[in-house]
Amino acid sequence: MKFSFPLWALAVVAAGFTTASAQALPTGTAQPAAPPKATSIPTGRVVIVNTLAFGEKIDEFRRQAQKLEDKFKPRTTELETLSKRLQELSQKVQDEKLSVEVRRQAQEQGLALEKEYKRKDEDLRADIEREQQTILNPLREKVFKFMESYAAARGIIMIIDVGALAANNNLGMLPYVDNAADITEDFIKEYNRANPVAAAPAASAKP
């Protein structure tokens with residue numbers, strides 16, 4: 001079973017508005033509204049990032065995902081075994097060479113096994129989601145904060161998450177993007193460098 005990670009986008013947009021105070025006029029003179037000053041528009045880079053790549057390429061994400069996979073491996077293996085058994089029973093039910101009684105028994109077993117599979121699958125997914133929220137949500141916040149500092153240090157005023165757009169079939173909202181605007185690989189490299197992950201201990205050799 002693959003572990004999926006929720007997507008998030010970061011947009012850092014700065015804008016400022018100033019108003020002028022009215023100049024003092026002689027008593028009894030109406031005070032016309034002062035004309036507003038021009039809006040202060042921030043200058044800087046607008047870039048894109050593909051957060052879909054984070055799960056595979058950010059070392060901390062990969063390490064945590066591996067821990068989750070190892071923890072739930074026995075249960076995912078059990079579900080795989082049940083799935084294979086369901087396929088075998090389905091083939092029996094459709095095998096006209098077998099007797100009606102054998103096919104009937106296979107169908108009954110399959111229905112019971114299907115209920116068991118569905119229940120265990122739902123329980124496993126709920127447990128995985130709960131673990132993801134506990135373990136991965138703080139990590140997402142950490143990456144989010146790093147992205148803010150990364151953007152500030154490089155004069156970036158907006159980061160568009162093309163991964164989120166792709167996941168929602170909204171890439172058409174960006175008809176053109178220069179490849180040079182893609183910071184995905186550089187951001188991942190900088191994050192991994194700032195947050196090194198120790199190598200996993202080697203498994204001890206069996207005697």
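**Helix 5 and its surroundings**

Helix 3 (residues 100–153) and helix 5 (residues 184–194) have axes that come within 11 Å and cross at roughly 110 degrees. Here axes are lines fitted to C-alpha atoms, for helices over the stretch in contact, and angles run from 0 to 180 degrees between N-to-C directions. That makes helix 3 roughly perpendicular to helix 5, a label that covers 65 to 115 degrees. The crossing is right-handed, meaning that the near helix is turned clockwise from the far one by less than a right angle. This is a predicted model, so local features need pLDDT of at least 70 and side-chain atom pairs count only at pLDDT 80 or more, while totals for chains, interfaces and linings use all residues. Residues are numbered from 1 along each chain as its sequence is written, and side-chain values use heavy atoms, with hydrogens and water left out.

Who does the touching? On the helix 3 side, the contact (heavy atoms within 4.5 Å) is made by Leu 139, Lys 142, Val 143, Phe 146, Met 147 and Tyr 150. Helix 5 brings Asp 186, Phe 187, Glu 190, Tyr 191 and Ala 194. By class, that gives 8 nonpolar, no polar and 3 charged residues; Ala, Val, Leu, Ile, Met, Phe, Trp, Tyr, Cys and Pro count as nonpolar, Asp, Glu, Lys and Arg as charged, and the others, Gly among them, as polar.

Helix 5 also has buried residues (under 20% relative accessible area, with exposed over 50% and partly exposed in between, using a 1.4 Å probe and protein chains only): Thr 184, Phe 187, Ile 188, Glu 190, Tyr 191 and Asn 192. They pack against strand 1 (45–49), helix 1 (54–57), helix 2 (59–94) and helix 3.

Neighbours within four places in sequence aside, Asn 195 touches Glu 60, Lys 142 and Phe 146.

Asn 169, in the loop between helix 4 (162–167) and helix 5, is exposed at 72% relative accessibility. Its phi is near 55 degrees, a positive value in a residue other than glycine.

Overall, the protein has 5 helices and 2 strands, where helices (H or I, at least four residues) and strands (E, at least two) are DSSP runs numbered from the N terminus.

Note on methods:
Angles under 35 degrees count as roughly parallel, over 145 as roughly antiparallel, 65 to 115 as roughly perpendicular and the rest as oblique.
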